[in-house]
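Start with the view below, then work through the points by topic.

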There are 2 protein chains.
Amino acid sequence: MNTSIGIGVLGAGTVGGTLITRLVEDRAAIAAKTGLDLRVLRVGVRDLGKERSFSLEYGSVTGDLQSIVDDPDIDLVVELMGGRELAGDLVLAALEAGKPVVTANKELVASRGPELIAAAERSGVPLLFEAAVGGGIPIIRPLSETLAGEPIDRVLGIVNGTTNFILTRMADDGADYADALAEAQELGYAEPDPTADVSGADAAAKAAILASLAFGTWVGIDDVYHEGIETLSPIDMAFAADFGYVVKLVGIAERTGGGVSTRVHPVMIPTAHPLASIRGATNAIFIEGPSVGELLFAGPGAGGDPTATAVLGDVIDAARETLAGAQVSSRIRFSPGELVPFGDVPTKWYLRLEVDDQPGVLAQVASAFGDAGVSIKSVWQEGEGSEALLLIVTHRAPEAAQRAAVDHLRKVKPLRNVASIIRVESEEP
Amino acid sequence: MNTSIGIGVLGAGTVGGTLITRLVEDRAAIAAKTGLDLRVLRVGVRDLGKERSFSLEYGSVTGDLQSIVDDPDIDLVVELMGGRELAGDLVLAALEAGKPVVTANKELVASRGPELIAAAERSGVPLLFEAAVGGGIPIIRPLSETLAGEPIDRVLGIVNGTTNFILTRMADDGADYADALAEAQELGYAEPDPTADVSGADAAAKAAILASLAFGTWVGIDDVYHEGIETLSPIDMAFAADFGYVVKLVGIAERTGGGVSTRVHPVMIPTAHPLASIRGATNAIFIEGPSVGELLFAGPGAGGDPTATAVLGDVIDAARETLAGAQVSSRIRFSPGELVPFGDVPTKWYLRLEVDDQPGVLAQVASAFGDAGVSIKSVWQEGEGSEALLLIVTHRAPEAAQRAAVDHLRKVKPLRNVASIIRVESEEP
């Protein structure tokens, strides 16, 4: 039986370069373990000469990306170039030509998933993207296969290593945001332009994919509300610790009010929660279901080596299916389902208010919440006089009501500033 | 396209009963999410009338197990009856008849794996056993698929919930072994005859499967050294805590000395290690690899619901492959590899010695270790006179040398008893 698979790789940056090197260097070991002879025949890059260095046993590097997809010797395409447009068109062309595709491109999957999955289904070839979420952590396959029969309730994920590194530094050492970011940049955990990470946009794409797989209802990247960590202050980390919480940037996908809500924002989670102990650049995904209970998956969320491992696993799986000659039916099907607007989702808030500590201030603050239909769980005053802080934790109420309460608050005279708002995840109402 | 799959279930105990109920009750929901119409057509039990109660939409319950395997309407066989002989022969017959098999039977896979995998390979049908290790935790598929290209260094697993529950009670509350076991039995975490769990035999079967998949070298159940928790004392849990460790029953599979070592025994692990915080009946598997770094998978290790979830995921996967008409090539291949005898594996020991505290005793004890080529890392004396205890932690040395040291120790006159021995996992030599 012919066990040879010709591979074309689009993109040769950190992950692509690592993948190519491993496919070439470990070719014999992979063949021994899997029975597959995986040959990288062509590598395509947008800017010739800017690729990472690697050596090919066969084949060549080209700037003509389409020619790789069209090459009859290429049995399988790996897309690691990123972006929605060009990458998406090449992936689509490959699938339409009946070639299996492996991609690590979260943005592409979260924006054009249904279109690509439909194309894969029509051609009967696999489209795999294990590396798109959680880097080296196997999560896509468990969600879409092992848990295919489980009506999952909720997925919580720390899916961005950069922000978790920054938040860990802020919580442990009281570093402020700017210093922790600068350190992350020095260590290579954050990009020179960190916007995609710190704004929550990167996590939003991953949360969209997790939600879509968990609930079988398509959630696109633009359906995910996201909020970043830029305005968090170490003082709130310290108060969170006093109250028994840790602040994390969490992607939340849950069934609520007859539909699905997906969002990314900073969250105070109880220190006893499994996600609270996830430190530094590590990622973790926590899944709750009625039968399976609670599952935790943790590991390195980024980096060339772990991500290339996940891509390689997909390449091996796709190659196996290709050689089996199967008319592969997609593992993922979407049924229509309601996406619940964030305003309707019950949330619980922590607020740090800067107030002038004068008689009656608390009554006015309490009315602002009461008028919006939000009830207060606890109030804590720190400091005195014009330096006073009110730390408020509310009971659960619709997000829109919480926001209305803040609008009312801004009209309270002795209130100088709503200094910070962090949502709270806890078992309590 | 016909999407209907006729399912025969062998065994209708806790897991089988739960699976059948979910297949029947969630049939429409599963069809919506996966496009598969899964129909339980026949259920076979060894002792008719002793099965759990469930209702079938189609089909019937029989005591004639072979007739289910032979039934032409049965497209897929699920084996949940346990045991090696009868279960194994039925699984083999199903595979030889070209029917995919899903099993949760760790003992069967760990004892007759290569024979069954070869039969599946000849027939080109899948043999899946996600539920055999870690209950509802997806671990088989990540190991054999996502990590197929990773040269894994080591797998550490808390893979028996009964013993982890007992050890957690002993560590937290100073309960002694018998009381903690009795409590586990009352709560249904331990069987009336707990031998398979507390002796480490159950964990050994799971460790064998993990090792085989991680290293691609077949490790059978009888190749795994195992030691149980029956002799552990709460006093050692307390000393472990003083030294910064937690005692866990761990399955260890690692590359060492050019081969593979697989074993199950109590281990002191540092409190900062991710496995140290796994409490109660929860299971967890920790994987280390050169590219992927460290991965942790945690969740419910047993119970009808979580285990049935994993079986159901396999059923969906196998049904999909069957309908795709693929000649499935096994995901698992074994190459010859050396199994390193436990005596040759470097281990690090903690010993609690009961001694008469007389001049020269420490010198004699130290000589016993020295003569065996084992060097001592630390000695701690507790108590005085005839009540004295020596707590010794050694440096790493071959297991055989550690055992030789104990043989020497037993000749030391002032030594009254080697009260306990627990191996230590740490980064230090």
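The model is predicted. The points below cover this interface, then the domains of chain A, then one of its helices.

**Chain A against chain B**
- β12(A) and β12(B) pair in the antiparallel sense over three bridges.
- A:Ala298 has B:Leu296 in β12(B) as its bridge partner.

**Domains of chain A**
- The assignment gives domain 1 (4-135 + 304-324), domain 2 (140-299) and domain 3 (342-424).
- The centres of domain 2 and domain 3 of chain A, taken over C-alpha atoms, are 25 Å apart.
- Their contact takes 14 residues from domain 2 and ten residues from domain 3.
- On the domain 2 side, α11 (234-242), β9 (245-256) and β10 (259-270) of chain A give two or more residues each.
- β10(A) gives the most, with six residues.
- That side has six nonpolar, six polar and two charged residues.

**Helix α1 of chain A**
- α1(A) spans residues 14-25 and reaches 16 Å from its first C-alpha to its last, close to the 16 Å expected.
- Its buried residues include A:Val15, A:Leu19, A:Ile20, A:Arg22 and A:Leu23.
- The buried residues of α1(A) pack against β1 (4-10), α2 (27-34), β2 (37-44), β4 (76-79) and α12 (304-324) of chain A.

Methods. Residues numbered from 1 in each chain as written. Chains lettered and ligands numbered in written order. Predicted model: local features only at pLDDT ≥ 70, side-chain atom pairs only at ≥ 80, totals over all residues. Helix = DSSP H or I, 4+ residues; strand = E, 2+ residues; numbered from the N terminus. Expected span 1.5 Å × (residues − 1). Buried ≥ 20, exposed ≤ 12 C-beta atoms within 10 Å, placed from the backbone. Contact = placed C-beta atoms within 7 Å. Domains from an automatic or database assignment. Nonpolar A, V, L, I, M, F, W, Y, C, P; charged D, E, K, R; others polar. Pairing = 2+ DSSP bridges.
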